[in-house]
Amino acid sequence: MSEKEEFYKKLGTQLEEHHKFPSTYLFKFIIPNNNRSIALAEELFTPKAVVTFRESKTGKYVSVTGKDKMPNSAAVIATYKLAEKIEGLMSL
């Protein structure tokens, strides 16, 4: 099993232990401040999600906070896997 697979397996276990699904889950990311990254970040969430963007002091990065209702831990992990495809993204 790869290191990434191990990470997501452990995350799934932790999510099941600490969250009662379905529930609202808080995602936090930092992305480069460009239109493509921002558009891809918006696509991570459902239309009913509350998503906020805040530019860094230097303007090079954008903080993304998304509160979205997740049906289960697998949906949370799927969102993180989609987020990995955004170049330069950092998960918090």
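Modeller: Two strands pair if DSSP finds at least two bridges between them, where strands (E, at least two residues) and helices (H or I, at least four) are DSSP runs, numbered from the N terminus. The model is predicted, so local features need pLDDT of at least 70 and side-chain atom pairs count only at pLDDT 80 or more, while totals for chains, interfaces and linings use all residues. Residues are numbered from 1 along each chain as its sequence is written, and side-chain values use heavy atoms, without hydrogens and water.

Biologist: How do you know that strand 1 and strand 4 are joined?

Modeller: They share 2 bridges and run antiparallel. The rule asks for at least two, so strand 1 and strand 4 count as paired. Within strand 4, Met 90 is the bridge partner of Ile 30.

Biologist: What joins strand 3 to strand 1, and what joins strand 3 to strand 2?

Modeller: Strand 1 (residues 23–32) is joined to strand 3 by 10 bridges, in antiparallel fashion; Ile 31 has Val 62 of strand 3 as its bridge partner. Strand 2 (residues 50–55) pairs with strand 3 over 6 bridges, also antiparallel.

Biologist: What is the order of the strands in the open sheet, and what makes a strand an edge strand?

Modeller: The 4 strands of the open sheet come in the order 2-3-1-4, with antiparallel pairing. Strand 2 and strand 4 each pair on one side only, and that makes them the edge strands.

Biologist: Why is Thr 65 counted as buried?

Modeller: Buried means under 20% relative accessible area, exposed over 50%, and partly exposed in between (1.4 Å probe, protein chains only). Thr 65 has 15% relative accessibility, so the residue falls in the buried class. Thr 65 belongs to strand 3 (residues 61–70). Beyond four places in sequence, Thr 65 is in contact (heavy atoms within 4.5 Å) with Leu 26, Phe 27, Lys 28, Val 50, Val 51 and Thr 52.

Biologist: What makes the approach of the Thr 65 and Lys 28 side chains a polar contact?

Modeller: The distance is 3.1 Å. A polar contact needs a pair of N or O atoms within 3.5 Å; within protein, one must be able to donate a hydrogen and the other to accept it, and residues adjacent in sequence count only if both atoms are side-chain atoms. The Thr 65 and Lys 28 side chains therefore qualify.

Biologist: Why is the pair Phe 27 and Phe 29 called stacked?

Modeller: The structure holds 7 aromatic pairs. For Phe 27 and Phe 29 the ring centres are 6.2 Å apart and the planes stand at 20°, so the pair is stacked. The limits for Phe, Tyr and Trp rings (six-membered ring for Trp) are centres within 6.5 Å, with planes under 30 degrees apart stacked, over 60 edge-to-face and the rest tilted.

Biologist: Why is Ala 83 counted as buried, and what does Ala 83 touch?

Modeller: Its relative accessibility is 0%, so Ala 83 is buried. Ala 83 is in helix 3 and, beyond four places in sequence, touches Phe 29, Leu 44 and Leu 89. The buried residues of helix 3 also include Val 76, Ile 77 and Tyr 80; what covers them includes helix 1, strand 1, strand 3 and strand 4.

Biologist: What caps the N-terminal end of helix 3?

Modeller: Asn 72 does, with a side-chain oxygen 3.2 Å from the backbone nitrogen of Ala 74.
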